[in-house]
Amino acid sequence: ALVWPSEPRLRIHLAFALAAGSVGALALLELSAFHAETPARMATLIRWTHVPVAIMVVSLLYVVHAWFGRGSTLLVAGIAGLRLLGLAVNFADGANLNFRHIQAIGHSEWWGAVIAHPIGENNPWILFNQASNLLLAVYLAQTMARVVREPEPERRHRAGMVVCGGWVLLTLVMM
């Protein structure tokens, strides 16, 4: 965020700053959800986690597309469109995009910490985000394959493998 004002024409810095800020906001929302005491509070926190996730995905998508410029622009538009459509449904239908209704809060122990988790009816509209994630994995794999095949410097090949490969792993885990 501090780098971008020095060169505002390089929007990639702004996009990366938005993605980083989104990760911070997501961490705070997730931490709050781990300690939610009521179904209504859990539903609200989950609803709001979709905002930084959407900003993160669209921002990092812009970063990868601007940096490597090798993937399909049509896939980029489809990924962003599905993610934003899911975000709209998140505030319009059910408790949030993940659940139509959260009936209760369950508790689990992870590495000695007790965390809350929702118990409820799944929302079928989550398929918007799952489809977006699937297209994202395809886009990243496509970009990675194209970058590696080009007669570019070896460090650009490694960068493509690390950036796109790491994000493919994260996307598959999210799915």
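The model shown is predicted.

**View 1**
One of its members, L14, sits in helix α1, which spans residues 11–34. L14 counts as partly exposed because its relative accessibility is 31%, between the 20% and 50% limits.

**View 1. The largest nonpolar core holds 21 residues.**
Within this core, the residues with the most contacts are L61, V64, L136, Y139, L140 and W167. Five helices each supply at least two core residues: α1, α2 (39–68), α3 (73–90), α4 and α5 (154–174). Helix α2 gives the largest share, seven residues. In soluble globular proteins, nonpolar side chains tend to be buried together.

Setting aside neighbours within four places in sequence, V64 is in contact with G69, Y139, L140, T143, V163, C164 and W167.

**View 2. N90 is a buried residue of helix α3.**
N90 has 0% relative accessibility, under the 20% limit, and therefore counts as buried. A polar atom of the N90 side chain lies 2.8 Å from the backbone oxygen of R47. Not counting residues up to four places away in sequence, N90 touches R47, H50, N96 and L97.

**View 3. N123 is buried in a loop.**
The loop runs between strand β2 (113–122) and helix α4 (127–149). Why does N123 count as buried? Its relative accessibility is 1%, and the limit for buried is under 20%, so N123 falls in that class. The N123 side chain has a polar atom 3.3 Å from the backbone oxygen of D93. Leaving out neighbours within four places in sequence, N123 is in contact with D93, N96, L97, N98, F99 and R100. G94 lies 29 residues from N123 in sequence. In space, the C-alpha atoms of N123 and G94 are 7.2 Å apart.

**View 4. W111 is exposed in the loop between β1 and β2.**
Strand β1 spans residues 99–110. W111 has 89% relative accessibility, over the 50% limit, so W111 counts as exposed. The backbone of W111 is also worth a look. Its phi is near 50 degrees, a positive value in a residue other than glycine.

How values were computed. Residues numbered from 1 in each chain as written. Predicted model: local features only at pLDDT ≥ 70, side-chain atom pairs only at ≥ 80, totals over all residues. Heavy atoms only, no water. Helix = DSSP H or I, 4+ residues; strand = E, 2+ residues; numbered from the N terminus. Buried < 20%, exposed > 50% of the residue type's maximum accessible area, 1.4 Å probe, protein only. Contact = heavy atoms within 4.5 Å. Polar contact = N/O pair within 3.5 Å; in protein donor to acceptor, adjacent residues only side chain to side chain. Core = buried A, V, L, I, M, F, W, Y, C linked by side-chain atoms within 4.5 Å.
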